[in-house]
Amino acid sequence: MGRALAILNEGEKLQLCLERDRLLCSPEFARSPTMSKLLHFLVDHKLLDDGQPLTAYAVAVDALGRDDGFNTQIDSYPRVQIGRLRRMLDHFYLRENSEHRLSIPYQHYEIILGPNELGDSADDRSGEPTEPEDDVSDEIDEADLEEEGAAKPPWFAGRGFVFAILGGVIALAVATVFYLQRPKAMVATSIEYPAIIVKGPEAIADPSSRAKIEMALSYLGGTLEKFDQVRVFDESADPTQFSHYLLESSSLNEAADNIQLRLIDSASREVLWSNRISMATTEEREAELDKAVLAIASPYGKIAQHELSKYRDDFTAGYPCLLQFHQYLRYRDTALLKPTLKCMGESARQFPNEAYLLSMIAVAQNISERLGYARLIDGKGKDFAQRAAQLDHNSATATFAVAQSAFFESDCSKGVAWGKRAVSYNPLNSRIMGHLGTYMLACDMPEGEEYSARALEMDPNADLAVAATLAIQKLRRGEAKEAQELASAYLDSAPSATPGLELSYILATAMLGEKDEARRSWLRLVRRSDLPEDAQPREVLSRWFANPDLVDELVSDFEKSQLFD
């Protein structure tokens, strides 16, 4: 963070103060004393005109109240809080149609006064999910996390296959990514998440090209920060205590019309991923950078898969256990279930203040309770979700854990509000977006299909449960051919058994009149169930689904398909 800061003239200083005061008077900043204090500190430093850049240490000690022995090399608290403030600024100016705005460039702690381009483009983002309703605050009110109202009838009653995809043996999954934001009172976690250092190209003489690349790297870093399974550091950092990666960029011509990105394992110098990014227009650049971030930092992206290769069959509490749990959620390998739940229970005891981990434990406990393994994890899923949300107010994962708890308590309204809020925190998180859609479908909200379809469109590694749910939706509308094609496409890419997709494919194929192919697929599923080939559908389906109502519904689907006539 070594660049000299731009000096403001008197008019710019006045505008800076006006923007600061406007922000501090807004509801979201009024609810967040920490963010208000940090904003005030950054603006005051800018007004000093001393030309010296802020350091992470100064932010931690002078603005956030950490003690003099704070170590920025092992604790990312100031970086995380700056990232949180950066997102709050973006959210504020996205809805404000103002001429000016404040922003914080990625890899810097400097507050910048510039034109507000977000407000002008907000109406053009028709493909993105909308923000949650105004009554869902940016700071989580603990009262919102209390149990609300009287008991309602089960939200999954009569929802059949959708509920199976979300809550059964083969398909319970919610959006999960690793997030490391920690409030002041927390001790530093000892979970070692992989770190990524975003590195710019070597000296570029042309100011216009340099500015273009800086904008791209700022966008790239800010987007990566929304994915909780990696820590993002600037070039000056040396996170040697972590497994870490370099995301290097190079300009392919003087005008910087194209840049090359490469993901490199710092230890081995192995290139894990490489791609060319077009810089022709802002829209094209951001779309391609979004795809790059998904390829690198999604729960099943290059970093996660490379890390898994180091921890294969390792069920140690903490990060290795989280990797194994992701694998279970992705592929529903029953051999992973019990050892994974056991290590998640141990992780809860060893890391009681780690927000992302608690979010995942909430999911694990929901699974364990449904499958008869509740004793492996002490506590309730809802309680873990509440604790995670209280620890980290701006975590998409923790927010969605609260949404999931609301859905499973029959409160579709609260679940959707919190789910949309989670999507707003990270619109690229396909797991959150896809499963919010499936929960909405289970709540008889047809618009949920748009969320799930968007998740599959933007991320080829989106959860297979989402694809299975969409295939069944198409089948129920009479679109058997489309359902068959969707299920077949994801079955082809699945490395292991995926009963949800297989059932979608079998039913769609039978309804298209391709009975021989449907029967062959059915027999493969029967054999994996350790049953005789002449076993009845109810007997086979009961091996995969614990919900008797769901089994009844699927038996009815098989009768309609006339597969055994």
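Predicted model: local features only at pLDDT ≥ 70, side-chain atom pairs only at ≥ 80, totals over all residues.
## Aromatic pairs

The count of aromatic pairs comes to ten. One of them joins Tyr193 and Tyr356: the ring centres are 6.4 Å apart and the planes meet at 75°. Planes over 60 degrees apart count as edge-to-face, so this pair, at 75°, is edge-to-face. Tyr193 lies in the loop between H7 and S3, while Tyr356 belongs to helix H13 (residues 355-370). The two residues are 163 residues apart, and the pair links distant parts of the chain. Tyr193 is buried, with 0% relative accessibility, and Tyr356 is buried with a relative accessible area of 0%.

Another pair is made by Phe400 and Tyr439, with ring centres 6.1 Å apart and planes at 45°, so it is tilted. Phe400 is in helix H15 (residues 396-408) and Tyr439 is in helix H17 (residues 430-442), so the pair ties together parts 39 residues apart in sequence. Phe400 is buried at 0% relative accessible area, and Tyr439 is also buried at 0%.

The charged end of Arg421 sits over the ring of Trp418, 5.3 Å from the ring centre.

Ile191 is in the loop between helix H7 (161-167) and S3. Its relative accessible area is 3%. Residues under 20% count as buried, so Ile191 is buried.

Beyond its neighbours within four places in sequence, Ile191 is in contact with Gly318, Tyr319, Phe351, Glu354 and Leu357. Ile191 and Pro320 are 129 residues apart in sequence, but their C-alpha atoms are 9.4 Å apart in space.

Four of the five residues of strand S3 (residues 195-199) are buried, so the strand is largely enclosed by the rest of the structure.

S3 pairs with strand S4 (residues 231-233) in the parallel sense, over three bridges. Here Ala195 has Arg231 as its bridge partner. S3 also runs parallel to strand S5 (residues 244-251), joined to it by five bridges. In S5, Tyr245 is the bridge partner of Ile196.

## Helix H21

Helix H21 (residues 499-511) has 13 residues, which at 1.5 Å a residue should span 18 Å. The C-alpha atoms at its ends are 18 Å apart, which agrees.

Twelve of the 13 residues of H21 are buried, and the helix is mostly covered. Among the buried residues are Leu501, Glu502, Tyr505 and Thr509. Just after H21, Gly513 has a positive phi of about 90°.

Notes:
Residues numbered from 1 in each chain as written. Heavy atoms only, no water. Buried < 20%, exposed > 50% of the residue type's maximum accessible area, 1.4 Å probe, protein only. Pairing = 2+ DSSP bridges. Expected span 1.5 Å × (residues − 1). Contact = heavy atoms within 4.5 Å. Phe/Tyr/Trp six-rings, centres within 6.5 Å; stacked < 30°, edge-to-face > 60°. Lys NZ or Arg CZ within 6 Å of the ring centre and 35° of its normal.
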